[in-house]
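Good morning, and thank you for making the time.

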Amino acid sequence: MGSMVFLLPLWGIVFREHAMEIDFESVTALERYQFLTHTVVPRPIAWVTTVNSEGKVNAAPFSFFNVFGSNPAVVALGIGARRDDSPKDTVRNISDNGEFVINMVTEKLAEKMVQTSFEYAHGESELEAVGLSTVPSISVAPPRIAESPVHLECRRLSIQEIGVNRLILGTVLHGGVDDEFYDTDSERILTDKIGTVGRMHGPAGYTRTHDLFEIERP
Ligand SMILES: Cc1cc2nc3c(=O)[nH]c(=O)nc-3n(C[C@H](O)[C@H](O)[C@H](O)COP(=O)(O)O)c2cc1C
């Protein structure tokens, strides 16, 4: 009974007694996007700064992002194309010079982060447009967003084209966290105090990171 099909409203999406099943190969890209972004939650947000060939700073958020190892330290970004199919500025800049900074997004910065996702013309600075400033990085040319308290300075490992997406892998060369969020006595980063936000489902969904619980490992 558990596998009995009783409704077939759309080709590729099947409702069973206990589940909605979706065949990724026969539904639309929007349906795949919606399934993935409603189920793989929360996603961390990389607010990425890069520089173009004229030295202009670009900033944009990406929630197809995570860390994939610490030895070596590897991060990945999944970046789609612009509406006109051209590559996003972040991809162009990382292809051209291979460096980027991931700035973490806090509750205080979330609104401005979203504003920087607007498609500005290539070379126009999102950060100036939303009233944010930069400070130089330590090991890469793109600067850090000054108002963000956590920074990962990265160098491109590879850019893989997968359909219209670019999967960018980077090595983290340097990390920084504002001293307000570092306890020198315990030598620990005060993660709860930072207030990093995550991306949830829907066009405007985000989550805070305060509702913690602990489970000891066996
Ligand atoms: C919270 C958030 C997360 C986003 N995640 C992604 C993502 O993972 N991949 C992507 O291609 N675009 C993502 N976007 C859209 C980009 O930020 C947007 O296309 C931006 O204009 C790209 O800027 P660029 O051309 O300066 O690189 C996201 C937007 C927001 C607000």
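How do the residues of the lining of the second largest pocket divide into nonpolar, polar and charged? They divide into seven nonpolar, six polar and one charged. In this classification Ala, Val, Leu, Ile, Met, Phe, Trp, Tyr, Cys and Pro count as nonpolar, Asp, Glu, Lys and Arg as charged, and the others, Gly among them, as polar.

Before I continue, a word on the basis of what I say. The model is predicted, with local features needing pLDDT of at least 70 and side-chain atom pairs counting only at pLDDT 80 or more, whereas totals for chains, interfaces and linings use all residues. Numbering starts from 1 along each chain as its sequence is written, and side-chain values use heavy atoms, with hydrogens and water left out.

The term pocket also needs its limits. On a 1 Å grid over the protein atoms alone, a pocket is an open set of points where a 1.4 Å probe fits, with protein on both sides within 12 Å along at least five of seven lines, and lining residues have an atom within 4 Å of a point. Grid points are joined across faces, edges and corners, and a volume is the space filled by probe spheres set on the points.

To return to the second largest pocket, its volume is about 320 Å³. Of the 14 residues that line this pocket, Val150, Ile189, Thr191, Ile194 and Thr196 are the closest to its centre. Strand E12 (150–162), strand E13 (165–177) and helix H5 (191–194) each supply at least two residues of its lining. Helices (H or I, at least four residues) and strands (E, at least two) are DSSP runs, numbered from the N terminus.

The largest pocket holds about 1,600 Å³ of space. It is lined by 49 residues, of which Tyr33, Phe64, Gly78, Gly80 and Lys88 are the closest to the centre. By class, the lining comprises 28 nonpolar, ten polar and eleven charged residues. Several elements supply at least two lining residues each, among them strand E8 (73–79), helix H2 (89–97) and strand E13. Helix H1 gives the most, with five residues.

Where does the largest pocket lie? It lies between domain 1 (5–38) and domain 2 (42–207), because both give residues to its lining. The domain bounds come from an automatic or database domain assignment.

I turn now to the nonpolar core, meaning a set of buried Ala, Val, Leu, Ile, Met, Phe, Trp, Tyr and Cys residues joined through side-chain atoms within 4.5 Å. Buried here means under 20% relative accessible area, exposed means over 50%, and partly exposed is in between, with a 1.4 Å probe and protein chains only. The largest such core has 18 residues, and those touching the most other members are Val48, Phe65, Leu77, Phe100, Ile102 and Ile168. Strand E8 gives the most to this core, with three residues.

Next, the strand pairing, where two strands pair if DSSP finds at least two bridges between them. E9 and E12 run antiparallel and are joined by five bridges; Asn103 has His151 in E12 as its bridge partner. E12 also pairs with E13, in the antiparallel sense, over twelve bridges, and Arg155 stands opposite Thr171 in E13. E12 and E13 form a hairpin with two residues between them, and Gly163 in the turn has a positive phi of about 60 degrees.

There is also an open sheet of three strands, in the order E4-E16-E17, with antiparallel pairing. E4 and E17 stand at its edges with a single partner strand each, so one side of each is left without a neighbour in the sheet. Two bridges join E4 to E16, and the partner of Arg43 in E16 is Arg199.

Finally, the backbone. Most residues other than glycine have a negative phi, and most peptide bonds are trans. Which residues does a cis peptide bond join, with omega about -15 degrees? They are Val41 and Pro42, and Pro42 is in the loop between H1 and E4. A cis bond also joins Asn71 and Pro72, with omega about 5 degrees; Pro72 lies in the loop between E7 and E8.

Asp85, which is not a glycine, has a positive phi near 75 degrees. Asp85 lies in the loop between E8 and H2 and is exposed, with a relative accessible area of 63%. Glu187 likewise has a positive phi, of about 55 degrees, in the loop between E14 and E15, and counts as exposed at 61% relative accessibility.
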